[in-house]
Amino acid sequence: MSNISILGMQWGDEGKGKIVDILSDKAHMVVRFQGGNNAGHTLVINNKKTILHLIPSGIFNENASCVIGNGVVIDPKVLINEIETLNKNGLKITSERLKISNNAHVIMPYHISLDLLREMKKIGTTGRGIGPAYEDKVSRKGIRVGDLLNQKILEEKIEEVLPEKNLLIEFYKGEKLKKETILSEYLKFGEYLSQFVTDTHQLLINAKKSGKNILFEGAQGILLDIDHGTYPYVTSSNTVSGNIFSGAGVGYKTIDKIVGIAKAYTTRVGEGPFPSELFDSTGDKIREQGGEFGSTTGRPRRCGWLDAVALKYAVNLNDIDSIALTKLDVLNGFDEVKICTAYNINGNEVDYFQNNCYLLKDVKPIFKTFKGWGIIKKDMVKTFDDLPNSAKDYIKAIEDIVETKISIISIGADREDTLILENIWEE
Ligand code: IMP
């Protein structure tokens, strides 16, 4: 038995979905512990593209059950849509396959309205109501999934919070919401979801005791963490490993290994500092070759060279044991590729990350340049040694700078386009 976690090491969109899908082969449970449908995990299985926003990517392994933990914020409408779409595609989403924590908070229509209305002051959120839902959780005004199953409690809670929400909505010149409409819609959602709702903490404890393999699936990325990211240009949850325990309801000894996921370059959606960002045709080429458009919002992603300073920060902040390097093939065909190895701050070279976004916005990246590798011929590359020499040099340099080994390399979107250099699950 072993329990592992995967975490995004950058500003999200690292290709976590594919890695979770691969690792979930040996998982009995795949668990999400934070975020909501601001995440979008793209999977390509048998040439078919699927984007999941809430259901853990392990759903494609029929031997695994998928858990949405208490730390997640759930838009029930989106979740039901996702379940229905998977059902239509031939996956049977039974109550054995999907478990939802009764303590997870619900994204209500006023959360979405407020998120969109407040975006006048630009953070560049996904507009899915994530921040406002977490605000209510912390201020103890939230509605939890379990509340959707009890008409009296749900009605009382909506009655309590809606007048205040409508005042705010009015302040932002939005359209006020009606209690009756929300109540009837959300009771129906509760009825639909009731078969999946349970005490997921107890479920995980039982799974641990019976020696099951559990995979904890992080959403977003470390640099978007509410405390340790580039605040205020962050998401509203803790994305760091520390939150696995409170977001899923397990103790810290549960995790045996943490695999950090990093793209071979860097991207960011929304606002905020990004030292290695490229504003030229090289950045455009990365965006084009990498298909770097948001899977949740469709927004073009900002692109730049790999920031190894930020990666090292992620390693130290989370005790990352090894790295899964994704989308290496996107750097195919460049004459040269670069890694940001340090920052220049007022003439001084600094090799550690600045999580104060006001400092980070003024740092100048210091790059190390590597020879490009032409095209990685996916069909011919089955082991690390089969990679072009300059690609191997690039990978070894990342390992040296970040002081962490790379255990998985992804060279294409399909499951098969993956080099597994180390057995992640302990036998
Ligand atoms: P929110 O999570 O919708 O509140 O958005 C806050 C910031 O996090 C914005 O810059 C979003 O673009 C970013 N963000 C949220 N979720 C993701 C994700 O899954 N991938 C990449 N960026 C994300």
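**Domains, an interface and a cavity**

Guide: In this predicted model, the protein is divided into domain 1 (3–99 + 199–258), domain 2 (106–193) and domain 3 (262–420).

Visitor: How far apart do the C-alpha centres of domain 2 and domain 3 lie?

Guide: Those centres are 38 Å apart. The contact draws 6 residues from domain 2 and 5 residues from domain 3.

Visitor: How is the size of an interface expressed?

Guide: It is often given as the accessible area lost when the parts come together. Here, domain 2 and domain 3 bury about 410 Å² between them, with 51% of it on carbon and sulfur atoms.

Visitor: Which three residues supply 66% of the area that domain 2 buries against domain 3?

Guide: They are Gly124, Thr126 and Arg128, whose share is more than that of any other three residues.

Visitor: How many salt bridges and polar contacts are counted between domain 2 and domain 3?

Guide: The salt bridge count is 0, whereas 2 residue pairs are in polar contact across this interface. On the side of domain 2 that touches domain 3, the residues comprise 1 nonpolar, 3 polar and 2 charged.

Visitor: Which residues line the largest cavity?

Guide: Its lining consists of His111, Leu114, Arg118, Pro132, Glu135, Asp136, Lys165 and Leu168.

Conventions:
Residues are numbered from 1 along each chain as its sequence is written. This is a predicted model: local features need pLDDT of at least 70, side-chain atom pairs count only at pLDDT 80 or more; totals for chains, interfaces and linings use all residues. Side-chain values use heavy atoms; hydrogens and water are left out. Domain bounds come from an automatic or database domain assignment. Contact means heavy atoms within 4.5 Å. Buried area is the accessible area (1.4 Å probe) that two parts lose on being put together, summed over both. A salt bridge is a side-chain nitrogen of Lys or Arg within 4 Å of a carboxyl oxygen of Asp or Glu. A polar contact is a pair of N or O atoms within 3.5 Å; within protein, one must be able to donate a hydrogen and the other to accept it, and residues adjacent in sequence count only if both atoms are side-chain atoms. Ala, Val, Leu, Ile, Met, Phe, Trp, Tyr, Cys and Pro count as nonpolar, Asp, Glu, Lys and Arg as charged, and the others, Gly among them, as polar. On a 1 Å grid over the protein atoms alone, a cavity is a set of points where a 1.4 Å probe fits but cannot get out, and a pocket is an open set with protein on both sides within 12 Å along at least five of seven lines; lining residues have an atom within 4 Å of a point.
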